[in-house]
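Hi,

Here is the structure I promised to pass on to you.

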Amino acid sequence: MHRILILGGTLEARRLAERLRGRADVATTLSLAGRTAHPAVQPVPVRIGGFGGAEGLAAYLRAERIAALIDATHPYAATISANAARAAAAAGVRLLALRRPPWRPTAYDRWTEVTDVPAAVQALGAAPRHVFLALGRKELGPFATAPQHHYLVRSVDPVDPPLPVAHAIYLLARGPFAEAAERELLLAHGSDAIVAKNSGGEATYGKIAAARALGIETIMLRRPQLPAVPSVASVDEAAAWLDHALASVAARGV
Ligand SMILES: NC(=O)c1ccc[n+]([C@@H]2O[C@H](COP(=O)([O-])OP(=O)(O)OC[C@H]3O[C@@H](n4cnc5c(N)ncnc54)[C@H](OP(=O)(O)O)[C@@H]3O)[C@@H](O)[C@H]2O)c1
């Protein structure tokens, strides 16, 4: 029986876990950071909370005799991905990153790419606008410096405390979000800009397509630097990689 650790918090991590569930040769654990109050139900045993940096993760890999580590975290979760690379190297564990390819703008998109949230605030400019913020609730702080805008904020858990601005509406929702519903949302709130991450995948692409259809500017946070480790873009490829990795682990008698 090979023990597999998936670093999750994404749809892809859940899908990979589903794929591995029921396999007689692997015991899969899915790791979540514990950010959301009511995490989605997962198909395999879950552990919740940080490991205590790269050293803590390396100690966990050794103690649990993990044969392969799959980093299926969100492309903006750069710290845990860096830790995974260091920990896997330190513990001599095979590592694969499962990363969604980024979205690319088409000729009809109006993207303004920025490096971080303060730069997104700058890009909105001084004149009041109606802005849809599709960011994590912990990333909203810098928008307090631009209280002239009307904000529509969507998050999985409540934004607490709320932004100290006069005009903010909060929606609680968990994706996926279809393009037609996103278009209606943007129209209903008179949005003239959205601020988003280049998450990739289909579940949250609806807002990007809707902004394009409505001619609305998308202020897109660039992806952070991620470690250069073997990586694949799909659950199928990750499952195939795992078969190879486990065959070679078995051949070494580990
Ligand atoms: N960032 C996003 O935009 C985003 C969007 C959707 C989902 N998520 C998911 O939310 C989680 C946290 O994201 P983040 O951006 O806050 O991460 P991060 O900044 O890269 O990580 C911060 C710390 O959180 C802990 N951590 C992160 N992911 C973990 C996991 N899967 N299992 C156990 N501990 C984890 C680690 O603590 P220790 O150092 O103590 O181990 C890590 O050092 C990730 O699972 C990610 O996949 C993130």
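Some ground rules before you start. This is a predicted model, where local features need pLDDT of at least 70 and side-chain atom pairs count only at pLDDT 80 or more, while totals for chains, interfaces and linings use all residues. Residues are numbered from 1 along each chain as its sequence is written, and side-chain values use heavy atoms, with hydrogens and water left out.

**The pocket**

The largest pocket holds about 1,800 Å³ of space. On a 1 Å grid over the protein atoms alone, a pocket is an open set of points with protein on both sides within 12 Å along at least five of seven lines, and a cavity is a set where a 1.4 Å probe fits but cannot get out. Volume here means the space filled by probe spheres set on the points, which are joined across faces, edges and corners.

The pocket's lining (residues with an atom within 4 Å of a point) has 47 residues, and Gly9, Arg35, Thr36, His74 and Val156 lie nearest the centre. At least two lining residues come from each of helix H1 (11-20), strand E2 (26-32), helix H3 (78-91) and strand E8 (150-155). Helices (H or I, at least four residues) and strands (E, at least two) are DSSP runs numbered from the N terminus. H3 supplies the largest share of this lining, four residues.

By class, the pocket lining has 18 nonpolar, 18 polar and eleven charged residues. Nonpolar means Ala, Val, Leu, Ile, Met, Phe, Trp, Tyr, Cys and Pro; charged means Asp, Glu, Lys and Arg; the others, Gly among them, count as polar.

**The ligand**

Where does the ligand sit? The space it takes is the largest pocket, and "sits in" means that more than half of its atoms lie within 2 Å of the grid points. Around the ligand there are 22 residues, each with a heavy atom within 4 Å of it. Gly8, Ser31, Phe51, Gly52 and Lys197 come nearest. This shell is made of seven nonpolar, twelve polar and three charged residues. H3 turns up again, giving the most to the shell with four residues.

Now for some polar contacts (pairs of N or O atoms within 3.5 Å). A side-chain N or O atom of Lys197 is 2.3 Å from an oxygen atom of the ligand. A backbone N or O atom of Ile80 lies 2.9 Å from a ligand oxygen, and one of Gly53 lies 3.0 Å from a ligand oxygen. On its own the ligand has 810 Å² of accessible area, and the protein covers 76% of that (Shrake-Rupley method, 1.4 Å probe).

**Backbone spots to look up**

- Asp160 and Pro161 are joined by a cis peptide bond, with omega about 5°; Pro161 is in the loop between E8 and strand E9 (168-172).
- Gly175 and Pro176 are also joined by a cis peptide bond, with omega about 5°; Pro176 is in the loop between E9 and helix H5 (179-188).
- Arg65 has a positive phi, near 50°, in a residue other than glycine; Arg65 is in the loop between helix H2 (53-63) and strand E4 (66-71).

Cheers

How values were computed:
Polar contact = N/O pair within 3.5 Å; in protein donor to acceptor, adjacent residues only side chain to side chain.
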